[in-house]
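Please keep the sequence and structure in view while reading.

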Protein chains: 2
Amino acid sequence: MLTTSLPGSRNIYAMPTIKDVAKAARCSTATVSRTLASPEKVTEATRERVSRAIAEVGYAPNVAARNLRRAESKTIVALLPDISNPFFSEIINGMEEVAHQAGYQVLIGDCEHDPARAEAYFRLLPTNQADGVLLLTAEVPVSLVQQASAQTNFPLVMACEFFADIDLPTITIDNYQAARHAIDYLVSLGHRRIVTLSGPAANPICIERVRGYHDTLAAHGLSDAIHVAEGDFGFRSGYLQGLTLLAPSNTRPTAIFCHSDEMAIGVLKAARQLDIPVPEKLSVIGFDNIGFSEYCEPELTTISQPRTQIGQQAMRLLISLIKNEPAVRHQTLSTQLIVRQSTGKIQS
Amino acid sequence: MLTTSLPGSRNIYAMPTIKDVAKAARCSTATVSRTLASPEKVTEATRERVSRAIAEVGYAPNVAARNLRRAESKTIVALLPDISNPFFSEIINGMEEVAHQAGYQVLIGDCEHDPARAEAYFRLLPTNQADGVLLLTAEVPVSLVQQASAQTNFPLVMACEFFADIDLPTITIDNYQAARHAIDYLVSLGHRRIVTLSGPAANPICIERVRGYHDTLAAHGLSDAIHVAEGDFGFRSGYLQGLTLLAPSNTRPTAIFCHSDEMAIGVLKAARQLDIPVPEKLSVIGFDNIGFSEYCEPELTTISQPRTQIGQQAMRLLISLIKNEPAVRHQTLSTQLIVRQSTGKIQS
DNA sequence: CTTATCGGTGTAATGCTTTACATTAAAATA
DNA sequence: TATTTTAATGTAAAGCATTACACCGATAAG
């Protein structure tokens, strides 16, 4: 068989290898490698000779070979539940910033609530395609996480979310306190019928927030008014639940505490549709402080999370674990209630 | 909570090699490799024996070794200008879907308008860390792209955006026609003072849209009313430009055609602040049809791009290029004007 | 003046898979 | 039956960088 380009044949303009550099610098490949990996082990003169040779032949290390030999990949997998949620973009920025600085790449894995995908991404670790996993969702098979956390050499950090029954290194906020803060604020405005529009009920962060809601109402003697509705964090579920919750009734809530800004914005739309003025007749609080929350009508009161910081700290922690450096395994970052125009004193 | 074990997930974190499989299946490593890479080259019996052995020892190929040997990485770099722009999330989904199906990973590179970052990502190709580049922004050093496109073996596809003077394989929409459509619609509603709020003036897609705006106004004899303002696609620039454009004046525009939904939503906020009712006194058209456009007030009339499809087709094209398969180098996908509540007949 | 020490460098093994080429067994042909 | 073809498998050489170990000359210590 005569073919101009053989199947599997490589680049005709073959990249130079470390051998070519060694030849050009009249030294061994070991010396070249050392010049790159630990320059202090090499004479000033050699270093210069090798550097010149590298420039001369246009050498760049073959990363696959390096990865193979070092049994690492300098890649970190970040697992998200849903990349289209704008909440994550700043977290990603924070992560990438720290990762790049430390010479790592970030492979973003959108799980789309599909366990098979999550497993595929986890599998990148044992096959040396990734050095660590940054988990931004609890919606992955628990067994996977348990196996991983049981392994000593499986660097895994959780951010934002967490598992109630698995102790992973975690960067998180205090969801309980954040909820207490929000509800306290609503009560202080005079609200008595306050509904929580939660994310998926099984989600640990939602459970925490609901607990905060619960306890705060109880502390004010409002336990009778407890009412938790469930959404999925998205616009649409907020809108639909809003229509239901705000339907005419003599126990219609005067305030809704939403577990995401998207849902809160959905509720605002429902309120508009039902001609319920916000904040005059209804107060709405969101969660996350996404970009939109300043541009909706009315501007949204919400709980802000330090997203960039979450991403940075989570990545720092993960890299420490990868390098087996000592690190604080748990960090709770602070949130902030940002009061805008979607909340106000109760009027009757 | 019940922890279910996934099918075939016994000890996925300890990695046997192909040798272990060969031993267990009593054959050579070559046969194992062939069983995986080209099963038809192997007896039914062997195939089964090997498959059983693989399952038995829990083998998964070491990808770094494979990559090294095959001189490929099965990784594709997708370069975005800004990951926090929700416009890209569906495109990413489309890309990933096709990529995964073909056995590729997608490495998302946020350039953040930083040429150095873009260059770093481009460099992944010659070092075998990536097999192709999917470019979703024209904000990268032109020299890089020119060098790359000059190489015969540099698979590079552009999506959404393009370069006026470099002929790259491209998946795009007809920005000119989309703009014409939008402006025609506004004129048909009676608008005469129509402003375009463009993205960065140097951006080729914006130039096309401005050209469509221009020509449409000219076609209606409205050339005198041409007025192009410049933003950066973000909320804030829309808001600020909105405040300027809508300042009291006897030539205040009655319609604004924005090159992104975010800017359009910013304009809506400015209009609210200036007590200009939309659509009664001002019509606003956005571009992209992001999720939020249905939840703002009023719901936004906008031009929808087939984002998932753009991602899919771009990835298909790129993979064809990588595999040296024949492929259509240019595709223009169709847009749709989605009329909601931010546009209406001119009233005065 | 030896001997131990040490910094700098080279040699060669190693990581794991793929695949060209060699070999063998089986089937097809003469 | 002998010979050619074909199919299936095995052997071993890449692919490229890293690094344990060996080596050498030079300096420090005795």
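## Residues around the DNA

Around DNA strand D there are 26 residues, and A:I18, A:Y59, A:R66, B:T31 and B:T46 come nearest. A residue is near a strand if one of its heavy atoms lies within 4 Å of it. The surface near DNA strand D is made up of 10 nonpolar, nine polar and seven charged residues. Here Ala, Val, Leu, Ile, Met, Phe, Trp, Tyr, Cys and Pro count as nonpolar, Asp, Glu, Lys and Arg as charged, and the others, including Gly, as polar.

The model is predicted: local features need pLDDT of at least 70 and side-chain atom pairs pLDDT 80 or more, while totals for chains, interfaces and linings use all residues. Residues are numbered from 1 along each chain as its sequence is written, chains are lettered from A and ligands numbered from 1 in the order in which they are written, and side-chain values use heavy atoms, without hydrogens and water.

Of the atoms of DNA strand D within 4 Å of the protein, 60% belong to sugar or phosphate, and the rest belong to bases. A polar side-chain atom of B:T46 lies 2.4 Å from a phosphate oxygen of DNA strand D.

Notes
A polar contact is a pair of N or O atoms within 3.5 Å; within protein, one must be able to donate a hydrogen and the other to accept it, and residues adjacent in sequence count only if both atoms are side-chain atoms.
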